[in-house]
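Good morning, and thank you for the time.

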Amino acid sequence: MSVWVYGEQKSELGLEGTITRKIEEDLYEVFIGPQHPGSGHMRIIIRIDGDIIVEADPDMGYVHRTMEKLAEGREWIKNVPLFERMAIQDACNVTVSYIIALERILDIEPPPRAKYLRTLLCEINRIAAHLYGFGIFGVFIGHSTMYMWSFADREVMVELAERLTGARLTHSYPIPGGARKDIPQDFPQAARKAVRYFRRRLEEYRKIFLDNPVTRKRLEGVGIIPKKIAAELGVVGPVARASGIKYDARLAEPYDAYDEVEFEVPVFEEGDALARAWVKFEEIKQSLRIIEQAVDWLERHPREAPIHDRFWAKSPPLWKKVFEAEGRVKLLPLMANMKLPPGRAMARSETARGEIIYYVESDGKSTPYRVRIVSPSARNAIVFKYIAPGYKVMDLPTIYGSIDYFPPEADR
Amino acid sequence: MEGNGGNGGRVYVGNLDKSAKKAKQLVMGKLRIGKAVDWATAFSLWPVHLTTSCCGCEFAATWSPRFDAEQHGALPWVGARQTNMILIEGTVTKKMACAVRVTWEQMPSPKFAIAMGACAIDGGIFYNSYNIVRPWEIIPVDVYIPGCPPRPEAVARAIIELQRKIRKQRVVSKWIEEGWRPDKEYVKPKEDPCSWWRG
Amino acid sequence: MDLAQARKIVEEALSGIEARVEEGRGFIEFIVSKENLVEAASRLKKAGFDHVKSLTVVDYKAEGKFKIVYYVSSYLNEDLAGVIVGIGTEVPRDNPKMPTLVYVWRSAEFQEREVFEFFGIDFEDHPDLRLLLLTPQVAEKRPLRKDFIVKEEPIIRTTPPTG
Amino acid sequence: MAGIIDLILSIIFYPPIYQLVLVGLTGSLVVVIFIIWFERKATARVQRRLGPYHIAPRLAGLPQLVADLIRYAFQEVIIPRTADRELFVLAPIVATVLSILPIAVVPLTSNPAYWPIPMDYSILVALALTTVSPIFLIVAGWASNNKFSIIGGVREAFVITAYEMIAIMSILSASAAVLTFNLVEIVEAQRIWYILLNPIAFLAAFLSVLMATSGFPFEIPESENEVVAGPFTEYSGLLYGLNMGAAYMKRFAFSILMVLVFLGGWSPYTPGEGILSGYLIPSLIVVAKAAILMMIFSLTRSIYGRFRLDQALEGAWRLVFPMAVLGFGLALLEAYLGVM
């Protein structure tokens with residue numbers, strides 16, 4: 001068995017992988033996916049020696065829908081719904097950094113109300129996406145009740161988002177210079193009710209899932225990523241935070257209203273699957289705090305169009321009336337064909353699975369010259385290759401579920 | 001002779017095809033239980049676990065407590081061999097097309113297909129992508145669900161539509177009598193979706 | 001820490017290596033020659049930039065070159081976490097070859113495979129340079145290069161749709 | 001002609017056969033239909049949803065399994081070209097038959113006229129018969145010639161090593177307490193149900209039955225997230241239906257054994273003369289108790305995930321096996337003290 005030569009750090013980090021295709025032939029090769037309940041829309045080719053995984057080779061691209069290329073042919077704002085399809089259960093978080101990149105090129109700053117609105121929807125999405133992750137995780141370790149409960153409660157958040165934006169999943173909510181809609185009148189009560197409900201439910205989740213003896217036994221000590229290796233592999237989001245890396249794009253480079261609201265970033269030291277589940281669990285609690293604060297702020301401050309004056313000033317008076325009545329910002333037709341000044345920008349935001357990065361380059365036309373997306377799942381995919389070997393076959397779904405890998409996002 | 005199954009005439013197994021035909025004649029001709037079979041299949045549409053794209057989110061939500069498609073007897077099942085329905089969830093990429101076709105061929109007849117989402121109808125938002133195929137080029141689709149993504153109610157509705165179709169057009173009992181789906185042509189992909197894999 | 005401070009740190013680390021500095025909004029990047037890339041990257045890593053956030057390739061067809069930039073940042077050093085620094089190089093379009101940085105930053109491994117299939121850039125000494133996302137037939141077309149064109153319907157029709 | 005009819009009648013009314021047909025086949029089918037419905041409904045209730053419903057709203061979806069079975073019965077049966085054809089077809093059939101075979105030897109009444117086979121070692125024979133059917137799951141996994149099936153079969157083999165000893169030991173502890181291998185004597189001796197006298201053995205038996213029938217914390221051979229459907233991955237149509245039914249029928253057979261040994265058998269009722277009082281009512285009581293026990297078994301699905309294979313084996317050998325030994329020791333102590 002040949003071992004990778006790995007620079008100077010080899011002995012220090014113990015990061016040794018085996019070269020694919022060079023391993024001994026007589027090992028059992030099992031193809032997990034793409035039609036397999038233990039993998040989503042991807043395939044993991046594992047080779048096992050007895051019950052131990054010797055090598056895992058993630059075979060991605062089953063959901064590669066060529067977003068980067070399609071974006072080069074579409075107008076700036078038409079790319080928002082396109083990028084949203086990467087992770088539709090986390091739509092606002094995924095697109096907000098693209099919008100921020102556009103705003104950086106345009107050199108505008110959205111009004112504070114728009115910032116709070118975006119933050120509100122981002123956190124609602126984050127909870128929904130974490131619950132989605134919990135549900136899939138539950139099903140992966142055979143716990144169907146966790147799947148059903150978290151999907152049932154996810155509907156609460158989905159409905160909240162629907163009230164705010166009008167769509168269950170694909171909100172297309174943030175737009176350059178602001179947000180598309182103000183909150184409806186009865187939204188604060190509904191949001192507070194949902195927060196109260198969730199605080200109660202989270203206790204029950206803890207009892208049936210995180211503190212369940214069978215679950216604990218399955219998760220503890222599985223898929224351990226030590227801090228140094230986590231940094232070396234460049235994992236993001238809850239995976240990194242469970243390994244003791246205190247990194248969150250909301251802290252590192254605060255966007256929207258995150259520098260004004262109060263929240264903590266939970267960091268765990270263990271780095272195993274249980275710690276990753278706990279990070280997500282604690283993050284839901286923090287998101288609830290942020291939702292409360294954002295709703296309070298929005299209620300305290302007067303309603304005004306949540307969009308930059310550059311776009312709003314030119315709007316006809318009728319549209320202002322529409323906003324007064326419905327809270328809906330109508331877009332100028334020129335926005336669809338808007339030309340951006342030449343320039344390059346990069347922006348990051350923290351989605352539920354970790355940090356997403358957009359590199360946007362404009363050459364002065366109405367379509368981007370290049371958009372580069374690096375999504376959290378794409379960066380976490382490397383975990384399969386380096387962390388899964390050495391664990392048992394039955395640990396593979398645990399690792400998969402705990403890093404909350406979402407193939408459409410990874411493949412773009 | 002191929003393998004040990006070629007002759008098929010061992011004493012204790014018998015000729016399965018022949019005995020199956022006889023049993024079919026007996027059951028369908030004499031007992032007339034075609035209606036019961038249609039009823040049973042309509043309420044036992046088990047979709048296979050194959051998530052092709054992001055509509056899988058709403059697919060999962062359809063079986064969540066709020067919409068609970070298990071009410072209608074549909075239970076997502078793990079292996080292709082034990083199921084009789086495939087639910088295409090959104091875009092099918094060129095790489096995934098192979099998986100879709102193979103899964104479809106693995107499923108035992110009578111089988112049904114529902115295509116979910118705009119992408120499964122004509123590409124949807126990805127209509128000009130270089131890496132997608134239309135599902136109807138690969139498998140015969142019974143019911144289409146528009147929407148991007150369709151709401152869970154729409155998915156449940158599609159299941160009910162399919163149930164109605166099976167019971168009204170007596171798809172399954174006709175399949176048993178004639179050995180093929182009378183309402184659907186056999187779809188053969190123009191180009192082999194697995195060519196990238198077979199090399 | 002803001003970008004100006006980060007620039008100082010990187011310039012200090014890269015002293016002796018000729019680098020062109022380009023600033024964008026939200027990042028700063030240093031373009032070095034192909035030969036110096038591995039050395040420059042190793043020095044950046046020693047300075048605390050421990051992971052690759054994004055490996056971005058832009059195809060400048062008119063100028064006949066690819067610009068390949070590794071955007072790096074830090075996890076272990078919390079001061080550096082707030083900045084994104086790019087280290088990159090330019091290779092000609094007709095013969096794109098460059099050394100791999102997998103041995104410096106392991107987190108670049110999958111992204112280099114991705115760049116290989118989308119642009120056809122050959123990373124010398126990459127341990128496992130295979131296709132990642134695409135099928136061989138699609139990857140042959142090198143879809144993210146500018147000479148691969150996908151058609152898009154115009155948003156404003158000049159003639160009304162008929163029928 | 002009359003001789004042939006007599007012969008056929010004598011075969012049908014040969015006690016083990018009619019017990020097998022009446023209780024084993026018909027009874028277990030009814031119980032399994034009810035239990036699977038109960039399992040799906042109870043799980044749905046815990047998970048705050050409805051479960052099967054629209055198939056028959058007035059019966060709350062009770063015929064769901066009937067529909068599934070009819071659908072399976074009329075679906076194509078695919079035999080892969082690479083599979084071992086004979087074994088592939090035979091294995092599920094034999095496994096299903098064998099899994100209800102223990103019912104053919106257990107007496108369900110104290111009236112000697114209706115004992116299937118009057119013998120003194122009925123508990124031993126019944127336990128011996130329960131150990132045969134899992135072999136055919138391994139055969140099914142091997143015959144499919146599919147990687148997942150083979151891994152599933154191997155897992156089944158591992159699990160067998162863990163639960164078999166425990167099941168035999170914990171169920172035999174009752175016979176150690178009464179100092180007999182005759183099930184009727186064991187039942188008759190239970191003035192107090194044996195579960196109260198020896199709860200440790202009951203718990204061990206409960207866990208071993210969960211393992212034997214892929215109950216939920218131990219649903220490892222068919223663990224879908226790694227091995228799709230375990231040994232049954234390649235099975236379709238009727239053959240899969242049989243496979244799926246076999247696990248529940250096995251659970252039914254085990255439950256009847258456990259009812260006789262731990263739960264007093266036909267206990268509040270004293271069988272009398274005649275087929276109604278002597279056979280039907282006591283066996284109905286036993287089947288009803290077994291159904292209640294199976295309902296308890298099925299509740300674990302909604303509470304637990306599944307253990308890893310090595311954890312299940314470790315738990316079985318480190319925790320449940322000593323428990324079974326302890327139960328056996330307790331039984332011997334009780335025999336010495338003459339409690340029963």
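Predicted model: local features only at pLDDT ≥ 70, side-chain atom pairs only at ≥ 80, totals over all residues.

I begin with chain C. Its secondary structure consists of four helices and seven strands, and along the sequence these are arranged as α-β-β-α-β-β-β-β-α-β-α. The C-alpha trace of chain C spans about 65 × 35 × 30 Å along its principal axes. Of the 163 residues in chain C, 47% are buried. If we consider the contacts in chain C between residues at least 6 apart in sequence, 56% of them join residues at least 24 apart.

Next, the interface. Here 45 residues of chain A are in contact with 33 residues of chain C. On the chain A side, the elements giving two or more residues are helices H2 (67-73), H4 (91-106) and H9 (227-233), together with strands S6 (343-351), S7 (354-362) and S8 (370-374). Which of these supplies the largest share? That is S6(A), with five residues. By class, the side of chain A that touches chain C comprises 22 nonpolar, nine polar and 14 charged residues.

I turn now to packing within chain A. Two packed helices are described by the angle between their axes and the distance between the axes. For helix H5 (residues 112-140) and helix H12 (residues 273-300) of chain A, the angle is about 155 degrees and the axes are 9 Å apart. Angles over 145 degrees count as roughly antiparallel, and H5(A) and H12(A) are therefore roughly antiparallel to each other. Their crossing is left-handed. Among the residues making the contact are Leu117(A), Ile124(A), His130(A) and Phe137(A) of H5(A), and Lys280(A), Ile284(A), Ile291(A) and Trp297(A) of H12(A). The residues of this contact divide into 15 nonpolar, four polar and four charged.

Finally, one residue of chain D. Ser277(D) lies in helix H13 (residues 274-298) of that chain. Why does Ser277(D) count as partly exposed? Because Ser277(D) has 15 C-beta neighbours inside 10 Å, whereas a buried residue would need 20 or more and an exposed one 12 or fewer. Leaving aside residues up to four places away in sequence, Ser277(D) touches Pro271(D) and Gly272(D). Ser277(D) and Asn111(D) are 166 residues apart in sequence, yet their C-alpha atoms are 9.3 Å apart in space.

That concludes my presentation.

Note on methods. Residues numbered from 1 in each chain as written. Chains lettered and ligands numbered in written order. Contact = placed C-beta atoms within 7 Å. Nonpolar A, V, L, I, M, F, W, Y, C, P; charged D, E, K, R; others polar. Axes fitted to C-alpha atoms, helices over the stretch in contact; angles between N-to-C directions. Parallel < 35°, antiparallel > 145°, perpendicular 65-115°, else oblique. Left-handed = near helix turned anticlockwise from the far one by under 90°.
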